[in-house]
Amino acid sequence: AYRLGIFPWYNDNEPILWWSPSQRMVLFPDNLKASRSLRKTIRKAKFTITMDQDFREVIRACAGTRRNQDGTWINQDMQAAYCQLHDDGIAHSVESWYEGQLVGGLYGIALGKVFFGESMFSRMSDASKVAFAHFVWQLQRWGYELIDCQVQTSHLERFGAIDIPRQEYRALLEQLCDETPEHGVWRFDADEAEEIDIEQ
């Protein structure tokens, strides 16, 4: 389904619904935009960022009912499915920690040189934003060429995400999903992070 540009999104106690919108929001990693205030927060090193350190807690946090929402499609069955994908090395998480506590993060699916973002959460201001920015910079170093953001949001637009037609998106998937990324184990390299030019 992911290779075909299709993703699940539905409410609990409903049939599983799969979506392929006519316009797809994507972020090309090289086009990441980090606001001045976000760069300032990153320089303060307030949060510790990790990868694949607590996938299960990240997806549980993402499944939490949010304001203006009656429920979540990330029910127990879906959590179990994505946890299995994580155990298989296909699903990955990014965590943001503050004083030893998990305060933000995101998870998604990696195929070839494409990362399909699924959901993110934040328990502190900027926690998920800092995690996302560091993660995109890491994907740049690993040679990833596309991040699927699914549908348009002003939040992702501020990071540089754009809408592209479904046909163009599908063509990118055909090209990139079978390519081999230039990395091994998913770990965030703090030493490399210090070399990032966060003024970009």
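How many of the nine residues of strand β7 (residues 114-122) are buried? I looked this up in a predicted model. Eight of them are buried, so I noted β7 as largely enclosed by the rest of the structure.

**Neighbours of β7**

I then checked which strands pair with β7. Strand β6 runs antiparallel to β7, and eight bridges connect the two. I found Leu106 bridged to Met120 in β7. The two strands form a hairpin with two residues between them. In the turn, Gly112 has a positive phi of about 60 degrees.

Strand β8 (residues 146-150) runs parallel to β7, joined by three bridges. Here I found Val114 opposite Leu146. I followed the chain from β7 through helix α4 (residues 127-142) to β8 and recorded a right-handed β-α-β crossover.

**Aromatic rings**

I searched the whole structure for aromatic pairs and got 10. Tyr82 belongs to helix α3 (residues 76-87) and Tyr107 to strand β6 (residues 101-111), 25 residues apart, and the pair links distant parts of the chain.

**A charge over a ring**

Last, I looked at Lys46. Its charged end sits over the ring of Tyr98, 5.8 Å from the ring centre.

Methods: Residues numbered from 1 in each chain as written. Predicted model: local features only at pLDDT ≥ 70, side-chain atom pairs only at ≥ 80, totals over all residues. Heavy atoms only, no water. Phe/Tyr/Trp six-rings, centres within 6.5 Å; stacked < 30°, edge-to-face > 60°. Helix = DSSP H or I, 4+ residues; strand = E, 2+ residues; numbered from the N terminus. Lys NZ or Arg CZ within 6 Å of the ring centre and 35° of its normal. Buried < 20%, exposed > 50% of the residue type's maximum accessible area, 1.4 Å probe, protein only. Pairing = 2+ DSSP bridges. Right-handed = clockwise from strand over helix to strand, strands pointing away.
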